[in-house]
Amino acid sequence: MKRLLVFLLLSLSLIQNTSAAVTPGDNEDLLRAVDRFIIPETIHLEQAMIMLAEHTDAYCEAPGEATLVQLKQDFHYGMNAWQSIQVIRFGPMEYAMRAYRFQMWPDKRTKVSQHLSSLLASEDAEALKPENFARGSVAVQGLSAMERLLFNDQPISPYECAVLQAIAHNLASMSSNLIRDWMMEDEPHRMFILTSPEGNALYESDMEVRSKLLNNLHTELQLIVEQKLQEPLSNSIETAKPKRTESWRSQRSLRNIGINLKAVERLYKITFLPQLDDSVLAQRIEQAFNDSYTRLRDIDMPLNQAITDANQRPAVEQLMQTINQLRLLFANELPQALGVPLGFNSLDGD
């Protein structure tokens, strides 16, 4: 806790100092996006992952029901934090395949299970050393692998505990490195964002950054529709794929979607809504978010069960349709209203 307090004070000082070096103007929307969403969410992610690492150590030192319950709670807390920052797909999140190392999903080729099984069979202590683990298989480094170990109704062996510790400390290290890259380097990414109106080594203009932010919002909605809902739903109840739902082992597929929606809404409101004033489009987008939350609440069982339940499946289909309507607003009407190009979607062609 003391470490986090010191870091937060340093972060606040850095924000004030770097902001003083940049004259706010046409890039005020970017200032809001970075300082009111990206950096606070990244700090929250680090807090969650440090706590997860501490309680993983505590469990492995004294395995028991109470410490396991606490560890699972902290897994959920860490996954909450990750799902909230998942919307940011550019900048430091792109470095060293970080997004996939935090959570390798979708995983249609079951790489996580395959690589995790291989690691467990080897019982290789050298592979778990921090520098080796971070350079090893991406599939076993993050939350997807941790979920498989924690939520499988089997006793956790000593080596599995060591793998859990390696994963948790890797997540904490990556989170700290994210903050370093955004704020603490000689040339923090935050400064490249703030100086983008004049052009710099990373961005030709502030419009390029706006395009990336808008693209990230749309991409997250597309991910929800296509991967988190449409893929497991399939074409019928007979061909539904329950194990294609995200986080089905920990029964939090719907929670992930809710957190994703809240993150998209917050980033949109912080960055772009002020430019829409009280327009009809702004009202339609707000209504689309509200409708999505209503549809989400209509589903009263885990998603992997709901897609094969005759009574609940229609509610899942309605949720998908409602979020897709929201996605279309972000794909077509919002870019036109803002005068910001949507840009290339990283999910296209996957």
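**Close-ups of a predicted model: bridges and a disulfide**

View 1. Asp35 and Arg190 are both buried. In this predicted model, the two form a salt bridge, and their closest N and O atoms sit 2.6 Å apart. Asp35 belongs to helix H2 and Arg190 to helix H9 (residues 189-194), so you're looking at a link between parts of the chain 155 residues apart. Count up the salt bridges and you get 17.

**View 2. Lys228 meets Glu246.** Here's another salt bridge, with 2.8 Å between the closest N and O atoms of Lys228 and Glu246. Lys228 is in helix H10 (residues 206-233) while Glu246 is in the loop between H10 and helix H11 (253-271), so the pair ties together parts 18 residues apart in sequence. Both Lys228 and Glu246 are buried.

View 3. The side chains of Glu231 and Arg244 form a salt bridge, at 2.3 Å from N to O. Because Glu231 lies in helix H10 and Arg244 in the loop between H10 and H11, this pair ties together parts 13 residues apart in sequence. Glu231 is buried at 18% relative accessibility, but Arg244 is partly exposed at 30%. Shared partners join Lys108, Glu231, Lys241 and Arg244 into one salt-bridge network.

**View 4. The disulfide of Cys60 and Cys161.** Searching the whole structure turns up one disulfide. The sulfur atoms of Cys60 and Cys161 are 2.2 Å apart, and the link is left-handed, with -100° about the S-S bond. Cys60 is buried at 18% relative accessibility, and Cys161 is buried at 7%.

Note on methods. Residues are numbered from 1 along each chain as its sequence is written. This is a predicted model: local features need pLDDT of at least 70, side-chain atom pairs count only at pLDDT 80 or more; totals for chains, interfaces and linings use all residues. Side-chain values use heavy atoms; hydrogens and water are left out. A disulfide is a pair of cysteine sulfur atoms within 2.5 Å. Buried means under 20% relative accessible area, exposed over 50%, partly exposed in between (1.4 Å probe, protein chains only). A salt bridge is a side-chain nitrogen of Lys or Arg within 4 Å of a carboxyl oxygen of Asp or Glu. Helices (H or I, at least four residues) and strands (E, at least two) are DSSP runs, numbered from the N terminus.
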